[in-house]
Amino acid sequence: MSVSVDPTSVDPSQHQSAPVNGGAGVGTSVRAPAREAGEALRPHAEEAFAAELAALAAQDDRPRPVRWRMSPWAVATYLLGGTLPDGTVITPKYVGPRRIVEVAVTTLATDRALLLLGVPGTAKTWVSEHLAAAVSGDSTLLVQGTAGTPEEAIRYGWNYAQLLANGPSHDALVPSPVMRAMAEGMTARVEELTRIPADVQDTLITILSEKTLPIPELGSEVQAVRGFNLIATANDRDRGVNDLSSALRRRFNTVVLPLPESADAEVDIVSRRVDQIGRSLDLPAVPDGVDEIRRVVTVFRELRDGITADGRTKLKSPSGTLSTAEAISVITGGLALAAHFGDGVLRAGDVAAGILGAVVRDPAADRVIWQEYLEAVVRERDGWKDFYRACREVSA
């Protein structure tokens, strides 16, 4: 007869010594080296924004779902930004329609899982991480989807040293992030769900429908406790790679994250993220390069939409996505060039090579599209002569 596994049996602190594949390190304690505050290149959301989360939780007097760190209203405020009654400013983590965030947060308060869907660069992973940080205080219960993701990454694995010595037992079990989230009433994350093989994807069906993860080797199961839910992300340009089965898709409430509606909104997003990244890398301040940010965003939007901003000239779109995330990467690389090989001010020459790399993915077709855009649009645009010369120089 099946019995529930006590949450302590899948305490991650008891199993850090056992990688799923039983490789090097089995039987030894694995601990991250101590580091000074602020040393991490990319702190987890709950670390980077700990002060904001604490301020929100302290002033949040609204009803909270079981095991949530704060109310749905506070979670939405954390993502969208705002000013608290005591004057604390909550910086926006997502710039977009408020209703999208409200629907996503409300979904997590129900028994349905959340699927964040969108083209590359629409902040799916970013939103997923911050939702988990606000709801559970831990965004690290993560399964990264790839073509090689095994079933054990979603269900559980084994410490093979203990398994061979003593046979199947709770002590030999290595819980997946999803199993841990179920046992502890936390939020698990599955990134790039459609990259995972279809048969592995379907491992989630029982978890999401029955809220149970069977362990047949032990004749037992882990039953999800209240507070558990799951956030998955998927790229809607990956259709045909590993499409979700209809049975699995029904277990999710799907929220589509759109591209920024306006150039101003996209410039704001890029500026905020580049500023955050730049501070961790000691790069020049973003305001000094806001003109170049706007030009990069304009180029990306025009080529992405297939028409110039004034609507007068139709354009061919290259094969790349030219997403907001790629614009952030181009600007960050340009700031690094300006800091280390320039005068610290972001200029056209600092971003030209990055733009070329983002646009020209197919050396044959994309290069022709880029050259046509340079000559027909950039060359004739007032105030863009320096940008045109810099792009021509790297494109030669």
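Of the 396 residues of the protein, 48% count as buried, where buried means under 20% relative accessible area, exposed means over 50%, and partly exposed lies in between (1.4 Å probe, protein chains only). The model is predicted, so local features need pLDDT of at least 70 and side-chain atom pairs count only at pLDDT 80 or more, whereas totals for chains, interfaces and linings use all residues. Residues are numbered from 1 along each chain as its sequence is written, and side-chain values use heavy atoms, with hydrogens and water left out. The protein contains 16 helices and 11 strands; these are DSSP runs numbered from the N terminus, with helices (H or I) of at least four residues and strands (E) of at least two.

**Overall surface and contacts**

- The accessible surface comes to about 18,700 Å², and 52% of it belongs to carbon and sulfur atoms; such areas come from the Shrake-Rupley method with a 1.4 Å probe, and for residues only the protein chains shown count as cover.
- Among contacts between residues at least 6 apart in sequence, 71% join residues at least 24 apart, a contact being heavy atoms within 4.5 Å.

**Nonpolar cores**

- The largest nonpolar core has 38 residues, and those with the most contacts inside it are Val299, Phe300, Ile331, Ile355, Trp370 and Phe387.
- The elements that give two or more residues to this core are α11, α12, α13, α14 (348-359), α15 (365-378) and α16 (385-395).
- Helix α14 supplies the largest share of this core, seven residues.
- A second, separate core of 36 residues includes Leu117, Ile154, Ala181 and Leu248.
- A nonpolar core is here a set of buried Ala, Val, Leu, Ile, Met, Phe, Trp, Tyr and Cys residues joined through side-chain atoms within 4.5 Å.
- Leaving aside its neighbours within four places in sequence, tryptophan 370 is in contact with Val299, Leu303, Ile355, Leu356, Val359, Val360, Cys391 and Ser395.
- In soluble globular proteins, nonpolar side chains tend to be buried together.

**Helix α5**

- Helix α5 (residues 124-136) has 13 residues and reaches 18 Å from its first C-alpha to its last, close to the 18 Å expected at 1.5 Å a residue; the expected span is 1.5 Å times one less than the number of residues.
- Because 12 of its 13 residues are buried, α5 is largely enclosed by the rest of the structure.
- Among the buried residues of α5 are Lys124, Trp126, Glu129 and His130.
- Glycine 137, whose phi is positive and near 75 degrees, follows α5.

**Helix α11**

- Helix α11 (residues 263-281) has 19 residues and spans 26 Å from its first C-alpha to its last, close to the 27 Å expected at 1.5 Å a residue.
- Its buried residues are Glu266, Val267, Ile269, Val270, Ser271, Val274 and Gly278.
- What covers these buried residues includes α12 (290-305) and α13 (324-341).

**Loop residues**

- Aspartate 282 is found in the loop between α11 and α12, and has a positive phi of about 60 degrees although it is not a glycine.
- At 68% relative accessibility, aspartate 282 counts as exposed.
- Leucine 322 lies in the loop between α12 and α13, and has a positive phi of about 50 degrees although it is not a glycine.
- At 1% relative accessibility, leucine 322 counts as buried.
- Glycine 121, in the loop between β3 (113-118) and α5, is partly exposed, with a relative accessible area of 24%.
- The C-alpha atoms of glycine 121 and alanine 325 are separated by 4.6 Å, although these residues are 204 residues apart along the chain.
- Leaving aside its neighbours within four places in sequence, glycine 121 is in contact with Ser323, Thr324 and Ala325.

**Pocket and cavity**

- On a 1 Å grid over the protein atoms alone, a cavity is a set of points where a 1.4 Å probe fits but cannot get out, and a pocket is an open set with protein on both sides within 12 Å along at least five of seven lines; lining residues have an atom within 4 Å of a point.
- Grid points are joined across faces, edges and corners, and a volume is the space filled by probe spheres set on the points.
- About 1,200 Å³ of space lies in the largest pocket.
- This pocket is lined by 48 residues, of which Arg42, Trp126, His130, Arg273 and Gln276 lie nearest its centre.
- Helix α11 gives the largest share of the lining of the largest pocket, nine residues.
- There is one cavity of 30 Å³ or more, and the largest cavity holds about 40 Å³ of space.
- The residues lining the largest cavity are Leu79, Tyr94, Ile100, Val101, Ala104, Leu116, Val127 and Leu257.
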